[in-house]
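Dear colleague,

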Amino acid sequence: MLANYFPVLIFLLVGLVAGILFLTLGNLLGPKRHYAEKDAPFECGFEAFENARMKFDVRYYLVAILFILFDLEVAFMIPWAVVFKDLMVSHGQFAFWSMFVFIVVLTVGFIYEWKKGALEWE
């Protein structure tokens, strides 16, 4: 049973060795020119004008969460579209109608958010 996890162990070891190797090579071979302007913190290309702990409007987070939500839902559609022909052979019309229901729920959610003004920015 543990033999099934051997490829995962190899993958982890190769990733760990590659990460350590690249970090070590970067530190050994990379440029070491430090100066105040390069090491200064910056934000969006200009000097920070407020405290980093200032409060953001909740709409910023709402738009970010909505983007992640719709982005993930679209990401579910891509693998489905890739194997659609195989799904139609193995599952028939169920494969089509299940994604149709998924898209309808996504569309209803989008219309609800639009009507509530969640996507409006003042």
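In what follows, rings of Phe, Tyr and Trp (its six-membered ring) count as a pair if their centres lie within 6.5 Å; planes under 30 degrees apart are called stacked, over 60 edge-to-face, and the rest tilted. By this criterion, the whole structure holds 7 aromatic pairs.

This is a predicted model, in which local features need pLDDT of at least 70 and side-chain atom pairs pLDDT 80 or more, while totals for chains, interfaces and linings use all residues. Residues are numbered from 1 along each chain as its sequence is written, and side-chain values use heavy atoms, with hydrogens and water left out.

Overall composition. The protein has 5 helices and 0 strands, where helices (H or I, at least four residues) and strands (E, at least two) are DSSP runs numbered from the N terminus. Of its 122 residues, 7% count as buried; buried means under 20% relative accessible area, exposed over 50%, and partly exposed in between (1.4 Å probe, protein chains only). Among contacts (heavy atoms within 4.5 Å) between residues at least 6 apart in sequence, 64% join residues at least 24 apart.

Helices α3 and α5. The axes of α3 (residues 58–82) and α5 (residues 93–116) come within 12 Å and cross at roughly 165°. Axes are lines fitted to C-alpha atoms, for helices over the stretch in contact, with angles from 0 to 180 degrees between N-to-C directions. The two helices are therefore roughly antiparallel to each other; the classes are roughly parallel under 35 degrees, roughly antiparallel over 145, roughly perpendicular from 65 to 115, and oblique for the rest. Residues of α3 in the contact include Leu66, Phe70 and Trp80, and those of α5 include Phe96, Phe102 and Phe110. The residues of this contact divide into 13 nonpolar, 1 polar and 2 charged. Here Ala, Val, Leu, Ile, Met, Phe, Trp, Tyr, Cys and Pro count as nonpolar, Asp, Glu, Lys and Arg as charged, and the others, Gly among them, as polar.

Helix α4 (residues 84–91) is hardly covered, with 0 buried residues among its 8. Just after α4, Gly92 takes a positive phi of about 65°. The axes of α4 and α5 come within 6 Å and cross at roughly 120°, which makes α4 oblique to α5. Phe84, Leu87, Met88 and His91 in α4 meet Gln93, Phe94, Ala95 and Phe96 in α5, and the residues of this contact divide into 6 nonpolar, 2 polar and no charged.

Aromatic pairs. Phe96 and Trp97 form an edge-to-face pair, 4.9 Å centre to centre with 80° between the planes. The rings of Trp97 and Phe100 have centres 5.2 Å apart and planes at 80°, so this pair is edge-to-face. Trp97 and Phe100 both lie in α5, 3 residues apart, about one turn of the helix. Phe96 is partly exposed at 32% relative accessibility, Trp97 is partly exposed at 44%, and Phe100 is partly exposed at 41%. Ring pairs also link Phe70, Phe110 and Trp114 into a cluster.

Yours sincerely
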